[in-house]
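Please read them with the structure open.

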Amino acid sequence: MKLLADKVVLITGASQGIGKGIAIRCAKHGANIAFTHLSSPDKAKEVENELIAIGVKAKGYQSDASEFESSHKLVEDVMEDFGQIDVLVNNAGITKDGLLMRMSEQDWDDVLRVNLKSIFNMTKAVQRTMLKQRKGSIINLSSVVGVNGNAGQSNYSASKAGMIGFTKSIAKELGSRNIRSNAIAPGFIATKMTAKLDQDVVGNWVKEIPLKRAGTTEDVADVCVFLASEMSAYVTGQTIHVCGGMLT
Ligand code: NAD
């Protein structure tokens, strides 16, 4: 069963990792995909071709989600190319980890700008389109760390906790117009972002996860398909943890 036939899904930062996984899963469910990359045109072209081979319309755009004007220009371009935006997936994110003692102001500002300001930029940019369409689903990639905190990630945790507050507020603001807003809080998902971590630490985490494995990009993408589809028509303002039971 194709859950997203004829929908247009816009995903930020989808040339690799979870974003790419979401793009592929949504395409397999029939969605046309507009996605962004920050500075990797070759990888983006490969993803675009992979999506087109699935049989949907797809296009990659170079765009910085942390920049207000670029986000608005992106939405204009996507509307020109696709004519509608049904789902926005705010996936772009970075880490600049360090204990507070050693965290620079720049590290704080960069993470808050890319992870949190970007969802303000993008949601504001798609708002008018979704209001006109009288429907929409906004999905924000938060993290279990935004719920529980994590030593050495105060900037990242603050940004991801902020995303949850934003998600709930937008659900309350736009619910009457049939625009839903939900967050996904992945736990430990094996991607390039987590490959940078100390593998001994990772091994200990996995032992503590009830499902005894790291998550995959597909694990996250499947929940994203659910939130993008009419299967979740009465779900808004929620944070769904995709963490193998880590936060139980
Ligand atoms: P990743 O580093 O593989 O991918 C992030 C993508 O975002 C990259 O393609 C990057 O180019 C893009 N990006 C960065 N800054 C951008 C900007 N300003 N504008 C547009 N694109 C930008 O990371 P990932 O593991 O795939 O993570 C995806 C999302 O999921 C992130 O928001 C991350 O915080 C969140 N997350 C990941 C995990 C995990 O275990 N991997 C866990 C919880 C949450």
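Predicted model: local features only at pLDDT ≥ 70, side-chain atom pairs only at ≥ 80, totals over all residues.

1. Residues are numbered from 1 along each chain as its sequence is written, and side-chain values use heavy atoms, with hydrogens and water left out.

2. A positive phi also occurs at Asp 6, which has a value of about 70° although it is not a glycine. Most residues other than glycine have a negative phi. Asp 6 lies in the segment before strand S1 (8-11), and it is exposed, with a relative accessible area of 65%.

3. Turning to the ligand, 27 residues surround it, and the closest are Gln 16, Ile 18, Asn 91, Tyr 156 and Thr 191; a residue is near a molecule if one of its heavy atoms lies within 4 Å of it. By class, this shell has 12 nonpolar, 13 polar and 2 charged residues, where Ala, Val, Leu, Ile, Met, Phe, Trp, Tyr, Cys and Pro count as nonpolar, Asp, Glu, Lys and Arg as charged, and the others, Gly among them, as polar. Helix H1 (17-28), helix H6 (154-174) and helix H7 (192-195) each supply at least two residues of the shell.

4. Which atoms of the protein make polar contacts (pairs of N or O atoms within 3.5 Å) with the ligand? A polar side-chain atom of Asp 64 lies 2.8 Å from a nitrogen atom of the ligand, a polar backbone atom of Ala 65 is 2.9 Å from a ligand nitrogen, and an N or O atom in the side chain of Thr 191 is 2.6 Å from a ligand oxygen. Taken alone the ligand exposes 820 Å², of which the protein buries 92%, the areas coming from the Shrake-Rupley method with a 1.4 Å probe.

5. Helix H4 (residues 105-133) holds Thr 123, which is buried, with a relative accessible area of 3%. The side chain of Thr 123 reaches the backbone oxygen of Ile 119 at 2.5 Å. Asp 107 is found in helix H4 as well, but at 22% relative accessibility it counts as partly exposed. The C-alpha atoms of Asp 107 and Phe 188 are separated by 22 Å, the two residues being 81 residues apart along the chain.

6. His 241, in strand S7 (residues 239-242), is partly exposed, with a relative accessible area of 34%. His 241 and Gly 187 are 54 residues apart in sequence and 7.3 Å apart in space, C-alpha to C-alpha.

Notes:
Polar contact = N/O pair within 3.5 Å; in protein donor to acceptor, adjacent residues only side chain to side chain. Helix = DSSP H or I, 4+ residues; strand = E, 2+ residues; numbered from the N terminus. Buried < 20%, exposed > 50% of the residue type's maximum accessible area, 1.4 Å probe, protein only.
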